[in-house]
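Hi everyone, thanks for making time for this. I'd like to walk you through one model, so please have a look at it while I talk.

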Amino acid sequence: MIVDDEILVRSGLGLIVGSAPDLEVVGDCSGGQAEEHVRRLRPHVVLLDIRMPDLDGISVLRRLRALPDPPAVAMLTTFDTDEYIGTALRAGAAGFLLKDTAPEQLVHAVRVLAAGGNILSPTVTRTVIGGYVDGGGPDAEATSLARTLTGRELDVLALLGEGLSNAEIADRLFLGTGTVKDHISAILGKLGAANRVQAAVLAHRAGLVRPKPGDGA
């Protein structure tokens with residue numbers, strides 16, 4: 001389901017997602033109608049605009065996350081460093097998509113969300129999370145939490161922070177994907193993180209992710 005205050009945006013995103021043979025757009029609406037539509041239509045995934053005039057995306061996100069068996073919610077934004085991103089992360093957003101995301105990447109993102117994953121493409125990780133985390137050096141609280149992890153878990157967390165998928169992490173560390181999943185579950189538990197997005201933010205805050213050339217760091 002797509003939640004955005006602009007009809008043209010909803011239509012455009014709906015056409016892109018609906019063009020995939022394995023995906024179905026069950027509905028679209030503005031923010032004020034979102035909770036009722038989700039209760040009635042029971043979508044697995046919601047693409048939610050972070051800025052809407054009738055009811056802002058953060059308020060909608062909190063209402064949807066409070067529902068029984070809530071859908072995975074990815075925030076839509078046109079801003080690389082939207083000031084609401086930190087709040088959305090803490091409220092349980094499953095990821096972020098810039099509105100100019102390429103069609104094939106959007107379709108892939110919905111599939112990942114539907115499968116229970118989180119949206120952490122390298123581009124979104126560097127622009128969105130990188131903009132949210134300030135550049136003042138490692139955060140003491142995050143560094144302390146990171147010390148509770150084993151060496152291998154730290155390796156996995158650092159690659160999570162880069163936005164790599166389970167398969168990419170497995171390939172980089174010469175591990176099986178099942179082993180990577182086990183490590184990620186352990187990491188989330190030790191860090192008290194709700195999802196991969198929150199873990200990735202902590203990886204940045206703890207100084208585990210090195211800036212890439214051209215990232216502006």
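So let's start with this: where does N195 lie? N195 sits in the loop that joins α10 (177-191) to α11 (196-205). Please keep in mind that what you are looking at is a predicted model.

Now, is N195 buried or exposed? With a relative accessible area of 8%, N195 falls under the 20% cut-off, so it counts as buried. Its contacts, leaving out residues up to four places away in sequence, are G92, A93, A94, N118 and L188. Take N118 from that list: N195 and N118 are 77 residues apart along the chain, yet their C-alpha atoms are separated by 7.3 Å.

That brings me to the whole chain. In this protein, 68% of the contacts with a separation of 6 or more are between residues 24 or more positions apart. The secondary structure comes to 11 helices and 5 strands, and buried residues make up 47% of the 217 residues.

How confident is the predictor? The mean pLDDT is 85, and 86% of the residues reach 70 or more. Over residues 213-217, though, the pLDDT is below 50, and that stretch has 2 contacts in the model beyond near neighbours in sequence.

Next, D49. The UniProt record, an unreviewed entry, places the feature "modified residue: 4-aspartylphosphate" at D49. In the model, D49 is in strand β3 (residues 45-49). Its relative accessibility is 4%, which means that D49 is buried too. Setting aside neighbours within four places in sequence, D49 is in contact with V3, D4, D5, G57, M75, L76 and K99.

Two of those contacts, L76 and K99, come up again in the lining of the largest cavity, along with L13, L97, L98, T101 and L106. How many cavities of 30 Å³ or more are there? The count is 1, and the space in the largest cavity is about 30 Å³. By class, its lining has 5 nonpolar, 1 polar and 1 charged residues.

Last stop, helix α8, which covers residues 151-161. Its buried residues are E153, V156, L157, A158, L159, L160 and G161. As a reminder, an α-helix has 3.6 residues a turn, so residues three or four places apart point the same way. After α8 comes G163, with a positive phi near 90 degrees.

That's my tour, and I'm happy to go back to any part of it.

Note on methods:
Residues numbered from 1 in each chain as written. Predicted model: local features only at pLDDT ≥ 70, side-chain atom pairs only at ≥ 80, totals over all residues. Heavy atoms only, no water. 1 Å grid on protein atoms, 1.4 Å probe; cavity = no way out; pocket = protein on both sides within 12 Å on 5 of 7 lines; lining within 4 Å. Points joined across faces, edges and corners; volume = space filled by probe spheres on them. Nonpolar A, V, L, I, M, F, W, Y, C, P; charged D, E, K, R; others polar. UniProt positions renumbered as here; feature names shortened; annotations may be inferred. Helix = DSSP H or I, 4+ residues; strand = E, 2+ residues; numbered from the N terminus. Buried < 20%, exposed > 50% of the residue type's maximum accessible area, 1.4 Å probe, protein only. Contact = heavy atoms within 4.5 Å. pLDDT = per-residue confidence, 0-100.
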